[in-house]
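Hi there,

Here is the structure I promised to pass on. Have a look at it first, and then read my notes below.

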Amino acid sequence: MLKDFVLKASKALRALVMHKLEIECDRIPHEFHDVPIKKILNWIKVETSILRKPERPWGWPTHLMIEPTNHCNLRCALCPLTSGMSRPKGHMDLSLFKRIIDETGDYVFFVLLWNWGEPFLNPSVFEMISYAKNKGIRVVSSTNGHFLAKAENADKVIRSGLDTLIVAIDGITQETYELYRRGGVLKAVLGGIRTIEARKRDLKSRTPLVNLRFIVMKQNEHEIPELKELARSLGVDVLTLKTFNDYLNVNHRKGRLIKEEKKSEFLPDASHYRRFETGRNGKTLLRLNHNPCKNLWNNPVIDWDGTVCPCTYDFDEEYKLGDLKRASFKDIWFGERYGRIRRQFRSNWKSIGLCGSCSYAFKGGSSIEDIIPEAVFFNLKDQR
């Protein structure tokens, strides 16, 4: 604890003196230069407040997860969109997105432009990226990659200024790929990746950094050696291997979890790629006494309709904290509803259904390093 504090204090001092800051996002280091003092001071306040977890945060969020849409072109196994998400579907209006960025842009370092759904189905997504970029914000988005099958979309992505594009494949043959990414066509996705890498070279653009994402499951773990060669041949910048979350709660209030037969269908055999530590019986997950989650202090989720939620796992908006069509972000972030759930998290986080069933509640799933156990860097220096 003391060591972490000293490291953070040293990092904060360097940031204040040099106006430079390095922040990791999904195991990938991002360097920020010429950072305004206002943004640095807010980052320091937020990182310090995370240690105390106050009811009223000491700063504005440093990250925003914004959902452009919850429509999707695939029906992935175990995804809430496939099993039946109870909230309505739609696309975020560009005007709402701009209002969010205008209010928070002086403080936010990252916009994570996805949640549930395929973000590039929103017709305004490229304008959203450009608008956030013009405010000095790094933008990271995640996709199943099918929109890249149209070559003109590769140029739109590059010209939008997108910093990082995560492309999920989860299989290197159509047979294994479609076991999870149901309705997807692997050939189209791989072709799209090759196209965007070729256009980056043609346009002499270093961005977007392409992060090939592979969720390790029983049906695809044998493909990892070949996967690394495939990633290299595609020309991507990074390959990240992510563990399968076999404790994803389908409904936090009703407590319906993934059935055991579904777990055994997808849970990998290799212990290195299993997310959670278990007891002697090999099944009981080991709970943490301290939940290290920071989301209530640094990273809210904003769904397509302006609903503000505590995190991505609240996919049915059971813990609504505000509506940006009726209130400002400031009023919501510093308001009573957020205060109550922060207070409850600090005093007894296990009593919150959402938090008690989260990956961060168990040993092995409580940090990005656990969830993404392996990152292979090809076209940038591994700065981990």
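Let me begin with charges: Lys and Arg count as positive and Asp and Glu as negative, while His and the chain ends are not counted. The place of a charge is taken as NZ of Lys, CZ of Arg, CG of Asp or CD of Glu. With that in hand, the protein chain has 62 positive and 47 negative charges, and their mean positions are 4 Å apart.

Please keep in mind that this is a predicted model, in which local features need pLDDT of at least 70 and side-chain atom pairs count only at pLDDT 80 or more, while totals for chains, interfaces and linings use all residues. Residues are numbered from 1 along each chain as its sequence is written, and side-chain values use heavy atoms, leaving out hydrogens and water.

Now the overall picture. The protein chain has 15 helices and 14 strands; these are DSSP runs numbered from the N terminus, with helices being H or I of at least four residues and strands E of at least two. Its radius of gyration is 20 Å, close to the 21 Å from the globule rule for 384 residues, so the chain is as compact as a globular protein of that length. That radius is taken over C-alpha atoms, and the rule is 2.2 Å times the number of residues to the power 0.38. Of the 384 residues, 57% count as buried. Buried means under 20% relative accessible area, exposed over 50%, and partly exposed in between (1.4 Å probe, protein chains only).

Finally, two residues from one loop. S366 lies between helix 14 (353-356) and helix 15 (368-371), and K363 is also placed in the loop between helix 14 and helix 15. S366 counts as buried because its relative accessibility is 18%, whereas K363, at 35%, is partly exposed. Setting aside neighbours within four places in sequence, S366 is in contact (heavy atoms within 4.5 Å) with L288, P292, S359 and Y360. With those neighbours again left aside, K363 is in contact with R275, F276, E277, L286, R287 and L288.

Happy exploring!
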